[in-house]
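This briefing goes through a few local and overall features of the chain, grouped by topic. Please keep the structure open while reading.

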Amino acid sequence: MAEMEASKSKSELFSPPSNVRGMKNLDRTAFKKTVTIPVLKVRKEIANRLLRSLKRSALQRPGIKRVIEDPEDEECRLIMLDPYKIITHDSFEKAELSILSQLNVSPQISKYNLELTYENFKSEEILGAVLPEGQDVISGFSRVGHIVHLNLRDHQLPFKHLIGQVMIDKNPGITSAVNKINNIDNTYRNFEMELLSGEENMMTKVRENNYTYEFDFSKVYWNPRLSTEHGRITDLLKSEDVLFDVFAGVGPFTIPAAKKNCTVFANDLNPESHKWLLHNCKLNKVDQKVKVFNLDGKDFLQGPVRKELQQQLELAEERKPSIHIIMNLPAKAIEFLSTFRSLLDGQPCSSELLPRVHCYSFSKDANPVQDVQQRAGAALGISLETCSSVHSVRNVAPNKVMLCITFQIPASVLYKNQTINLENDEEPSVKRQRKDNDFLEEKTETAPDT
């Protein structure tokens, strides 16, 4: 009970004033508040040295100096202490008391009236005090260069402009705050957004995995939560491999692959994504290693991919490159898998040279791994349950997960006039890995669906 009361009083002590509840237009002056905290009086020449030994006990608040001048003695300083750790001199630990004794400092505690202002409160404390009591505060956001991207819920919308300004104030380098106001457009993979506060400039620059990308965030798709996945796929690639990036966006798979000396064919239907993909290839000095297209995904597969696959597989017996096809359009990519059926003519190459597909999808199913395998298999006209691996990428919303299914396209699917034989077509590495699915064991990040 005592711990609960202490926790409650701690929350109240460092909470903004109660009269800011319901505020919709940010008034920073309304956040002034005076609190009484313990301080330790010390000689000014040892103040900073002693502070290093009192890390546990010192006050930790944004924008507050932990060592201040003593208004009553210019030769002394006051060290601010945490009121929930130091109540009397008996609250110091033995090691701390020993240091005080060595430095000839009295452990006697004094009281000091500290004025807190807007600058001293964290964003979650401000929003928790302003939004309706008991309602969720902002649970997560994405940072895209100088832009903070929010997915506000209904109860937060009346406070949207205040929320935007607070996010700008409390996140250094952020100058624009936007809110997504509709779902991602499945055609161009961008969404309508509303400026909440700050600059209207949506032209931004980001760094991801040591590569630089520039784009207009209002016109293309970019999700910083996919940086780990971009790295995971890149790590699978080797020099001189061939990569077909069907829904390339502004290049987060394409550019790292080209930097690894892969031959890359990158495509995106969105003219803006196509423009920035070309720009980012030049920016990262890989424009000579990437062929860029502005086609529908199906047209890209039936045109450039089909032509290049036919040539690569005919040459493959000599140099044996690995061929990868990335299909990162989780809302619709599985629908494009049927395009691989009877895509190529001629005699099949050896199974180990067949292209490996990495296809992304969302699932709300109770068994998302099985769900994705069944839907992808249905599109191809085969069963993938024993010849594919599924990787959990992230949770995008409650009961909605993003996954990547990886498999080699069987010759019986890829070539015309072939008889389906799953056992012979199955990729050897998939045979070893097909039972190694750690979906239920992976810790995935819950975040807004972007």
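This is a predicted model: local features need pLDDT of at least 70, side-chain atom pairs count only at pLDDT 80 or more; totals for chains, interfaces and linings use all residues.

## Around Ser-142

Setting aside neighbours within four places in sequence, Ser-142 has contacts with Ile-147, Val-148, His-149, Pro-224 and Arg-225.

- Ser-142 belongs to strand E5, which covers residues 142–144, and it counts as buried because its relative accessible area is 3%, under the 20% cut-off.
- One of its contact partners, Arg-225, is 83 residues away from Ser-142 in sequence, yet the two C-alpha atoms are 7.7 Å apart in space.

**The chain as a whole**

- The chain holds 13 helices and 17 strands, and of its 450 residues 49% count as buried.
- Among contacts in the chain with a separation of 6 or more, 69% are accounted for by residues 24 or more positions apart.

**Helices H4 and H5**

- Two packed helices are described by the angle between their axes and by the distance between those axes.
- For helix H4 (residues 123–130) and helix H5 (residues 160–170), the axes come within 10 Å and cross at roughly 160 degrees, and H4 is therefore roughly antiparallel to H5, given that angles over 145 degrees count as such.
- The crossing of H4 and H5 is right-handed, and the contact is formed by Ser-123, Ile-126, Leu-127 and Val-130 on the H4 side, with Leu-162, Ile-163, Val-166, Met-167 and Lys-170 on the H5 side.
- Sorted by class, the residues in the contact of H4 with H5 are seven nonpolar, one polar and one charged.

**Helix H6**

- Which residues of helix H6 (residues 227–236) are buried? They are Glu-229, His-230, Gly-231, Ile-233 and Thr-234.
- The elements against which the buried residues of H6 pack are the strands E9, E14, E15, E16 (389–397) and E17 (400–408), together with helix H7 (254–259).

**Cysteines**

- How many disulfides does a search of the whole structure find? The search of the whole structure finds zero.
- Cys-359 is accordingly in no disulfide, and the nearest cysteine sulfur, which belongs to Cys-404, is 7.5 Å away, whereas a disulfide would need the two sulfur atoms within 2.5 Å.
- Cys-359 counts as buried because its relative accessibility is 0%, and Cys-387 likewise counts as buried, with a relative accessibility of 5%.

**Positive phi in two loop residues**

- Asn-209, a residue other than glycine, has a positive phi near 50 degrees, and its place is in the loop between strand E9 (203–208) and strand E10 (211–216).
- Because its relative accessibility is 38%, Asn-209 counts as partly exposed.
- Ser-342, a residue other than glycine, has a positive phi near 55 degrees, and its place is in the loop between strand E14 (323–327) and strand E15 (356–363).
- Why does Ser-342 count as partly exposed? It does so because its relative accessibility is 35%, a value in between the limits of 20% for buried and 50% for exposed.

Definitions and conventions. Residues are numbered from 1 along each chain as its sequence is written. Side-chain values use heavy atoms; hydrogens and water are left out. Helices (H or I, at least four residues) and strands (E, at least two) are DSSP runs, numbered from the N terminus. Buried means under 20% relative accessible area, exposed over 50%, partly exposed in between (1.4 Å probe, protein chains only). Axes are lines fitted to C-alpha atoms, for helices over the stretch in contact, and angles run from 0 to 180 degrees between N-to-C directions. Angles under 35 degrees count as roughly parallel, over 145 as roughly antiparallel, 65 to 115 as roughly perpendicular and the rest as oblique. A crossing is left-handed if the near helix is turned anticlockwise from the far one by less than a right angle, and right-handed if clockwise. Contact means heavy atoms within 4.5 Å. Ala, Val, Leu, Ile, Met, Phe, Trp, Tyr, Cys and Pro count as nonpolar, Asp, Glu, Lys and Arg as charged, and the others, Gly among them, as polar.
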